[in-house]
Structure formats: structure tokens, C-alpha cells
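Me: I am new to this structure and would like to go through a few of its local features. Please show it first.

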Amino acid sequence: MRLLVACLLACLSVPAAAETTVVTAARMFDPVAGRIVADPVIVETDGKIVSVVTQGGARPNIPAGARRVDLGDMTILPGLIDMHVHLTSVAEIGGYRGLQFTDSFWTAIGVANAKTTLQAGFTTVRNVGSSDFGDIGLKQAIEGGYVPGPRIVGAGYALGATGGHCDQGGFPPSFDKKQPSVIDSPGEARAKVRWLHKYGARVIKICATGGVFSLGDAVGAQQLTGEEMKAIADEAHMLGLKVAAHAHGDDGIRAAIEAGIDTIEHCSLASDATIKLAAQKGTWFDMDIYNDDYILATGEANGTLPESLEKERKIGRLQRETFRRAVRAGVPMLFGTDAGVYPHGDNARQFAKMVEWGMTPAQAIRAATVSAAKALGQEGEVGVIAPGAWADLIAVSGDPLADIRVLERVVFVMKGGAVAKGPEAR
């Protein structure tokens, strides 16, 4: 098959009307079918896929002069999608150590983190929380071609209650400063959604419960009322935006589901009844089940405060057990890592944990491709290798269905037809 393709490329004489690249390899993972197919020939023009042919398929229409990327004995996959990152944060700076840096520092490090994330094979990310609209500025710089990075669906600020996980705690009253993201009524919630949308947010992030890294709160305690969450969901949906809810505790998770929130982040302490409700309503669970290892191993050295480490010890194992119960119950699952809580670029380490705690390799990859695209409202655009989709491709040595950890060693990345890592087109 591959010899035939080489002959076609050499012999066709149709003039190329646009920039075209042909990508070939020994194998391709089809996330829609959930299986490996042989001898893919992927034709890309001006950043979009125009045809995909596999072994035994019809002859591809390849213009003369098309560039070639032959990946040999590798497996091609769609560019991966991480649904929960913080590009303008770094894991190595925890607790009060972050106060040593000026405000613009965090946007600047986002540039490095964006490049690292792209080269790890993640061509699309959902950035769920960034001060000063740093993620929106980073998105604009990437789209303008000024810096390399993934496609970003950014939230800007994350919305939460006074004194909650999305407020800035740990300081005396003399340091009191109301965060731009704080809301304390349904009316304020609606206004903040409109404000975030005005300045570029394309997903709304809320803090429905306490968290591990917020000080002075209980990790599972609900912090927004059902009325406030419903106001946010209704306003965002009217504007065409999805909503993600940080929620560890069962009450907050259930209230978020009932309010119509699209994705629930973390989900650590969800009960069986709440898991059943999520499955019935088709509410996505987005569970960061790898980073517990990193937080507990390095948190103290990174400056993470004892209160936060104690919270992590209490919920880390429980979150993984909840993940297994949710998978078994048929809750629709996403791939989200909370990168920024652990080092950017290590996102793919979570795949092995997802498999360890109940998923098949195909299910784990689908969570980071077709499922993530659906949750973003970008079906057919990202997360698939199909005509009309962006030419976002990665390649690994080996078969990810046999060894999911090969995804931790991505050797080729293409985003929108441009090679970001690996062999250049010729």
C-alpha cells in the first residue's frame, strides 16, 4: 500500500492550487471507531484535512508538488485535547512563594508553558482560570503567529463566592481586595458572565465547592448556591458558552448538575446517587487523577502549605475510586489534568492512571479526542482525523492500545498543517 502511494505521489501531475501536505505512517488510531487502522494516507491543504485513506481504500487525490511527511513505523493519532489546564501557572511555585513575582510574570511563563504543551502532543486545551485575562492574551498571541502553542479555549477569571476557592484567601483583613471574579448573588453572577464574554472568555469556569489549594475552606463544602449556578449556566448558554464547575464535594457536584452545568471538574467525593444522576443527564466528569502523585511527592519542596497537602491526602485516593465508579456507571468522561498543579508537558502521564483505574486504552484516548471535542462544541473540527477537521496530528512509536504510555513520548506534532515537532515536510 505505501509503495503504491509513493508511486502516486511521483506520477500525478495535477498542479497544486494550495499548500498541500501528505502524511503517511504504518498505523493510525481512529478514535471514532476506537481501533487501529493500517497504512493511513492523510491529505492536508491549508491547515485542514481534505481526505483520509487507509489500507484498501480508494485512490487519494494528491496534487503534484505536495509535500511529504512519512512517519515510517509509527502510529498517528489526532492531536490530543486537555480539558483542564492552567497555562499561566507553574507547579514548582506553590503557597506564598508566588508573591515574590510581579503580576505580568504569570502571563510570560504562559508562553513557555504553551510551547511545552504543544510539543507534548496537546494541540487543543481548555484553560479554566487565569488572572488578568492572561489566557486570552496568550490565545491571541498564538493565533497571531507570534508564539507557538495549542488552540486555547479560555475562561479568563474563574467565578466564585467571597472567601471561596476562586477568591484570594490566606491574608489578613488589611490586605483585603475583592477579586474581579467574586460574585455573591444570581444577578452578580449573570453580570460577570457577560463581562467575561465581553473580554474574550469562551468557556465559563465556576468554583462550586472548596478546593485543595484554597486556604481556610473545606475541600468539599458547597460555596455557590444552586440559584447562582443556574444563573451562570443560563446566561452562558444564552451566549453560546459552556460552563465548567470546580466541585469536589457531593452536594456541590449534585447542585451543579441540576443547575445545568456542562462539565464537572475533579468530582472527588461524588456519591453513587450523584454519579447515577450525571449518567442520566449526560453531564461530563473531568477528573484529574494523576496529579495526586506529584503534589504529595514534591509539594513541600515547591512551597505548598501543610493545609493543602493534608487536603490532598484526604481526597486523592477517594477521587480515583470515584473515577472508577463513574466509568463503570457510564458517566461520559473527559481527559483533564489540572496541568499547572503539576508540570506542563507531563499531561499524558494521566492516561496510564485512567487505564489503571478502570478505562480501556481506547476509552482513555477517546476522552482526550472525540469526547473532548464534543464537550467543547467542536465536533468534527478537532479530536478526529477526518475531512473538514483541522490537520492536528501526532505520532508515537508503538501501539497505544497495547501500551498507553507511548503517549508520554510523542515524537511528531502537527497543528493546522504546520509541523511543530519531528520530521519536517519535504
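Me: Where is C267 found, and is C267 buried or exposed?
Reply: This is a predicted model. C267 sits in the loop that runs between β13 (263-266) and α7 (272-281). Its relative accessibility is 0%, and buried means under 20%, so C267 counts as buried.

Me: What is the phi of C267?
Reply: C267 is not a glycine, yet its phi is positive. The value is about 60°.

Me: Which loop holds D46, and is D46 buried or exposed?
Reply: D46 is another residue, other than glycine, with a positive phi, here near 50°. D46 lies in the loop between β4 (41-45) and β5 (48-53). Its relative accessible area is 53%, and exposed means over 50%, so D46 is exposed.

Me: How is α4 oriented relative to α5: roughly parallel or roughly antiparallel?
Reply: Helix α4 (residues 186-198) packs with helix α5 (residues 226-238) at an angle of about 30°, and their axes are 8 Å apart. Angles under 35 degrees count as roughly parallel. Therefore α4 is roughly parallel to α5.

Me: How many residues of the contact of α4 with α5 are charged?
Reply: On the α4 side the contact includes R190 and R194, and on the α5 side it includes E227 and D234. The residues divide into six nonpolar, no polar and, for the charged group, six.

Me: What does UniProt place at residues 75-418?
Reply: The end C-alpha atoms of this span lie 18 Å apart, and the span is 38% helix and 14% strand. The unreviewed UniProt entry gives residues 75-418 the feature "domain: Amidohydrolase-related".

Technical notes
Residues numbered from 1 in each chain as written. Predicted model: local features only at pLDDT ≥ 70, side-chain atom pairs only at ≥ 80, totals over all residues. Heavy atoms only, no water. UniProt positions renumbered as here; feature names shortened; annotations may be inferred. Helix = DSSP H or I, 4+ residues; strand = E, 2+ residues; numbered from the N terminus. Buried < 20%, exposed > 50% of the residue type's maximum accessible area, 1.4 Å probe, protein only. Axes fitted to C-alpha atoms, helices over the stretch in contact; angles between N-to-C directions. Parallel < 35°, antiparallel > 145°, perpendicular 65-115°, else oblique. Contact = heavy atoms within 4.5 Å. Nonpolar A, V, L, I, M, F, W, Y, C, P; charged D, E, K, R; others polar.
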